[in-house]
Amino acid sequence: MVQIKTKQFILRHVKQSDAQALFEIERDKDYIKNMMHSLETLEEVKEDIKNNIKQYKLKKPSSEKFIIEINKQVAGYISINNLNKLYFEHKAVISYALHPNFRGKGFLHKAVRSEEHTSELQSH
């Protein structure tokens, strides 16, 4: 399992115990306003996590979701999608969101930069 530790946060794969915090992000009014799609129930979030966990076990996953953890709290996530598609092996779509309690503090920018650097290392 991939885990990136910095002085300010940990980036790690999503797990079922993250469901409630991710649900709070999904239902936040600013998140809903800015995203094309949001999950509407806690059960949908749990199902999404289950699907993410299945992807981790694949040799060539189509997506990966990383939790941004700060002081043992879920601060947000980074999701890398459209991985390993035929003819587009070296391209991906990144989506991300922060829990309202962690916005405006610069964590997301640093987390995305950490993930980009790690993705480059893993692809070589």
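Biologist: How many bridges join β2 to strand β3 (residues 63-70)?

Modeller: This is a predicted model, in which local features need pLDDT of at least 70, side-chain atom pairs count only at pLDDT 80 or more, and totals for chains, interfaces and linings use all residues. Residues are numbered from 1 along each chain as its sequence is written, and side-chain values use heavy atoms, with hydrogens and water left out. Helices (H or I, at least four residues) and strands (E, at least two) are DSSP runs numbered from the N terminus, and two strands pair if DSSP finds at least two bridges between them. β2 and β3 run antiparallel, and the number of bridges joining them is four.

Biologist: Which residue in β3 is the bridge partner of Leu-11?

Modeller: Leu-11 is itself the β2 partner of Ile-4. Strand β1 (residues 3-5) is joined to β2 (residues 10-13) by three bridges, and these two run antiparallel, forming a hairpin with four residues between them. In β3, the bridge partner of Leu-11 is Ile-68.

Biologist: What is the order of the five strands in the open sheet?

Modeller: The pairing in this sheet is antiparallel, and the order is β1-β2-β3-β4-β5.
The edge strands, each pairing on one side only, are β1 and β5.
From one strand to the next the twist averages 20°, and the order asked for is β1-β2-β3-β4-β5.

Biologist: At about what angle does α3 run to β3?

Modeller: Axes are lines fitted to C-alpha atoms, for helices over the stretch in contact (heavy atoms within 4.5 Å), and angles run from 0 to 180 degrees between N-to-C directions. Helix α1 lies across β3, β4 (73-81) and β5, at about 75° to β4. Helix α3 lies across β2 and β3, and its angle to β3 is about 110°.

Biologist: With which residue does Glu-69 form a salt bridge?

Modeller: A salt bridge places a side-chain nitrogen of Lys or Arg within 4 Å of a carboxyl oxygen of Asp or Glu. At 16% relative accessibility, Glu-69 is buried, a term for values under 20% of relative accessible area, with exposed meaning over 50% and partly exposed in between (1.4 Å probe, protein chains only). With the closest N and O atoms 2.6 Å apart, the partner of Glu-69 is Arg-12.

Biologist: Which side chain of opposite charge is nearest to the buried Glu-26?

Modeller: Glu-26 lies in helix α1 (residues 19-26), and its side chain makes a polar contact with that of Tyr-31 at 3.2 Å. Such a contact is a pair of N or O atoms within 3.5 Å; within protein, one must be able to donate a hydrogen and the other to accept it, and residues adjacent in sequence count only if both atoms are side-chain atoms. Lys and Arg count as positive and Asp and Glu as negative, while His and the chain ends are not counted. Glu-26 has no salt bridge, and at 5.0 Å the nearest side chain of opposite charge is Lys-65.

Biologist: How many residues apart in sequence are the parts that Asp-30 and Arg-103 tie together?

Modeller: The closest N and O atoms of the Asp-30 and Arg-103 salt bridge are 3.9 Å apart. Asp-30 lies in helix α2 (residues 29-34) and Arg-103 in the loop between β5 (93-98) and α4 (107-123), so the residue separation is 73.
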